[in-house]
Amino acid sequence: MEITMKKQYVIFEMDTQNFGIDIQSVQIIERMKSIMRVPKSPVAIRGVMNLRGEIIPVIDIRTLFKMPPLGATEFTRIMIIRMEDSMVGFIVDKVKEVLDIEPGQIEGISTMQGKIDSSYIIGVGKVTNGEEIVTLLNHDRLVEVAFGIQE
Amino acid sequence: MDMSQYLQIFIEESKENLQSLNEKLLQLEEEPNNIDVLNVIFRVAHTLKGMAGTMGFMRMQSLTHSVENVLSEIRNGKLTVTSEMLDILFQCLDALENYVENIINTSSEGEESYTNLIQQLEDILAGRVTHEPIEEEDDGYVDYSPASPLNVDDEFELPESVNFVRNQALDSGMNVYKISVLLSTSCMLKAARAFIIFSDLGPLGEVIHAIPSVQDIEDEKFEQEFTLIFTTDESHEKLQQMIMTVAEVDGVTVEALGHSKVRVEEVAPEEVAQPKPVAAPTKPAVAEAPPKPAAPPTTTPPAAGGEGAGATKQQVTGKSVRVNIDRLDTLMNLVSELIIVKTQLEGISHEDLSNNSESNYSDSVEYLERITTSLHDAVMKVRMVPVETVFNRFPRMIRDVSRKLGKNIDLVMSGEETELDRTVVDEIGDPLIHLLRNAADHGLETTKDRISLDKPEKGTIQLRAYQDGNSVVIEVEDDGKGIDPQAIKRKAIEKGDISREVLDSMSDQEIIDLLFRPSFSTAEKITDLSGRGVGLDVVKSKIITLGGTVEIDTVLGKGSKFIVRLPLTLAIIQALMVNISAEKYAIPLSNIQNIENIHKGEIKLVQNQEVIVLRNQVIPVIRLDSILELEASNNETLIVVVVKKGEKQVGFVVDSLIGQQEIVIKPLGKYLTNIHMIAGATILGNGEVALILDINTLV
C-alpha cells in the first residue's frame, strides 16, 4: 500500500499492543453482538453476524494473531471493515482513538519478530513523540489471510 | 459523449421491438394480406432503425434500413409476401438480435455486417424490378448501398438524418465540409488530439456527423484517420489552417459538400419528423466539449472521457424489472403508513407505558405487524414478472422447428399473464425450450403417421401456466404418441444399469420417471433437435435447483404432459426451525418427508452406518451434531427428521423442534462460499442469525 500523505488511522488494542487501520475502510464500530458460528469455516472466522439485515462474516483477530483467547469484555468491539463489494467484521479487544499519522512517522519493517504473519503489516507508526508505537495493518491482506486466500 | 445512460433504455426497447417484430412477422405469415400488421411491422422496424442510428450502431442501422426497404415495397403493394421472403426477414431478425446481444455484452455492436443478408434483401428488391419498371422516386433506395462506415471514399454514404441536416444547412446558406484528418503515426494519444480538434471546431460551427462515431473516436477506435461532417459559416482555408496548427496532425483535407443525392423527403414520409431527435446526440458532443482554444496538449480532459467510456464497456447491463406504477404506489402508501406507526410509537412515552396504557402500545405493534406483512407482499409483487416474457419467444421457435421437421404444429399458449419471480423467469426458459422441442420432435408423430392414425393432421402442443397455491404450474402437453413404458423398459435393460427384476417390480409411473435419469433417451434416431440423451435429466436438475418439481403424465397413443411446478419466489421459503445442541438451524420444508420420535435402542448399525427401520424401509441416519462439529447429545429419544432427495431417504437427528417458519434466504457472502452444507443464512425475529442446511449436499 502506498503511503504518500497524512492519513487517519483507527487505533485499537489487542493484548496490550496497538494496531491501526486506515479510517477510510472502517464503516462502523459496533458493540459485541451475537455471532452465529459457521461449521467448517477457517479457524479465525468466529462466524456470521447480522448487520442491519445483511449477513457478514466476523474475524476473531485474537485467533488470527495467535493470541490467547479472551472472553468478551465491556470494551470488546466489532470493527466493520468495508471491502471492495462486501463487509467484514473484526473482533478487537478495545478501540482507543483516531490518530493522524504522517508518512514520516511510519517505518517500514523488513522482518517482524514473533508469531504474527507479517504480510499484512504496512509498517510501524511512531506516535506521541515516539513514545508509543502502532502497528499499521493492511486490512485487505488481513482478510485474505483469515480466509486462507492465497496472494 | 457518454451514452451509457441511454444504453440501458436502448437495449430494453430494442428487445421489446424485436419481440414485437417477431410476433407480427409470425402473424404476417398467417395473414399475408393484413395491411394493419404490415403497418405495425414497418413502424417498429423504423423505430428500431432510428434508435440504432441515434446510438451510433451503424451496422445495425444499415441492416434495419434494408429490411425497411423491403417492407416498404410490400406495403406499397409492389412485392408480395412469400415464405422465402419471410425466412430471410426472420434471419435478419436473428442478426439484429445478435447485434443487441453484442451490445449488451460489450456495449458495441461487433464487426459482423451481415452483407449476405443485405444482399438477399436487395435481391428481393431487385426481383421486383423484373416485374415492374423502376419508378423515379425509388432512386433513393437504389443509391443507398450500406457501406461499412469505416470505408471512406468520395462516394461515401451518410445516414439520412445527417443528410437532412446537411441539406438544411446548405439551404440556409451555410457551408458543409467534409474534413478528413490524418494523424501522425507517432501520435500516442489519438483521442486527445481528436478532442483538441473537436474543441477547436466547436466555436466555429457544428459537427453533424463523424466517421467513425464520436464515441469510437473518444475510445480511440480508429486508425490514423477520421472524418467529420461540419457545418459552418467559415471558409475552408481557415478550417484547414486551424486544424494544421494542432500538433501531430499529418494532413487535413477539407472538401465542400453539395446537396446530398438522397433527398430525404423521398424516402419515407415519417422520415421528416425523425431527423431532429436522431441528429440531436451529435450536437451535445460539441456542446459538452468546452471550447479550449489555448488548450495545451494535456491529456487530462480526454483521458477522463476515455475512462468514462471504458467503464461503459465493462458495465454489462444489470438486471432490471419493469414495475407497474400502481405497485409502486402501493409500496409508497405502505411506507407512509409505516411512518405513521413510527410516530405513534414515539408518542407513547415511558409514563404511558407504566400507567398501564398497554393497549395503545399493543395496538400500534399489531398495526405494525399488518403493515410489514403487506409491505412484504408488495415488495415481492414488484419482483414478479409475467411468464409472457419467456413464452413469447416460443411461437417463433415452434415455427422454425416445425419447418425443420416437416411437421404441422400448432402451439396453443394460455396463462401468459401468470407471474413469477424475475430470477425464476430468467432460468426457466431453457428447460421449457427443451420440453417443447421434445414434444415437437418425439411427442408428435409425423404428418403421415397422424393421418394413418386418424388424428388431425395438425399436431397441437399446449403450453399452459397457472398459479396453484404458493406455486406456479407450467404444463407442456402434446397430442402425440405418448410414452410407452415398455419401450423404456427395453431400453433400460439394453443399457443394463437396472436389472430386470427391479424393472418388473416398478410401476408404470416409476418406469416413466426413468426418463429423467442422466443419458437416457428413447428416441429411435438422433436429430439435431433432441435425442442425444442429454435432455430430460438436465431439465429436471435445472428445475430442482429452482426449487421446483417436474412430473410426466402420459397416455400411450393420446399424448403426454410434462408438469413443471415452481415456487413463486426463491428468496422466501418455508422452513422447519430446529435446535441442534445450542444452535438453531433451518431445514427447508420442501425437503422434509416426515418427522419421527425414535428410541435410542432402535438405531442399528449396518456396515458402520447408523440406520433405522421405518415402515419396512431402511433409512440411514445422520447425526447433525457431529457433522456440524457440535457436542453430541445423549437423549433417550431422538427426533429424526426424514428428508427425501429423489429416491433416497435420510434421517437427520436433531435435538428439538422449534416450529415452522417463513424465512428469507440470505447469502453468506463471497468469503464463505466453499461451505457446502450451508445453503445460506436467515435473520430470526430477535436479530440473531440462523444457518440454513443444504439438504441436497448432506444427503
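## A loop residue in chain B

B:Ser581 has its place in the loop between β12 (572–580) and β13 of chain B. In this predicted model, the phi angle of B:Ser581 is near 55°, which is a positive value in a residue other than glycine.

## A loop residue in chain A

In chain A, a positive phi of about 55° is found at A:Lys66, although this residue is not a glycine. A:Lys66 belongs to the loop between α1 (61–64) and β6 (77–82) of chain A. With a relative accessible area of 56%, A:Lys66 is exposed, since exposed begins over 50%.

## Where chain B meets chain A

How many residues does each chain bring to the contact? Chain B gives 22 residues and chain A gives 23 residues. The area buried between chain B and chain A comes to about 1,800 Å², and carbon and sulfur atoms supply 67% of that area. On the side of chain B, the residues that lose the most area to chain A are B:Tyr671, B:Leu672 and B:Val689, which together account for 35% of what that side buries.

There are two salt bridges between chain B and chain A, and one of them joins the side chains of A:Arg37 and B:Glu629, with 3.9 Å from N to O. Four residue pairs are in polar contact between chain B and chain A, counting pairs in which both residues have pLDDT 80 or more. The elements of chain B that give two or more residues to the side touching chain A are β13 (583–588), β21 (678–683) and β22 (689–693). Sorted by type, the residues on that side of chain B are 15 nonpolar, six charged and one polar.

Is A:Phe147 buried or exposed? A:Phe147 is buried, because its relative accessible area is 9%, and buried means under 20%.

Which residues does A:Phe147 touch, leaving aside its neighbours within four places in sequence? Within chain A, A:Phe147 is in contact with A:Pro42, A:Ile45, A:Pro57 and A:Ile59, and across in chain B it is in contact with B:Tyr671 and B:Leu672. B:Tyr671 and B:Leu672 are also among the residues of chain B that lose the most area to chain A. A:Phe147 and A:Ser41 are 106 residues apart in sequence, while their C-alpha atoms are 8.3 Å apart in space.

Technical notes
Residues numbered from 1 in each chain as written. Chains lettered and ligands numbered in written order. Predicted model: local features only at pLDDT ≥ 70, side-chain atom pairs only at ≥ 80, totals over all residues. Heavy atoms only, no water. Buried < 20%, exposed > 50% of the residue type's maximum accessible area, 1.4 Å probe, protein only. Contact = heavy atoms within 4.5 Å. Buried area = accessible area lost by both parts, 1.4 Å probe. Salt bridge = Lys/Arg side-chain N within 4 Å of Asp/Glu carboxyl O. Polar contact = N/O pair within 3.5 Å; in protein donor to acceptor, adjacent residues only side chain to side chain. Helix = DSSP H or I, 4+ residues; strand = E, 2+ residues; numbered from the N terminus. Nonpolar A, V, L, I, M, F, W, Y, C, P; charged D, E, K, R; others polar.
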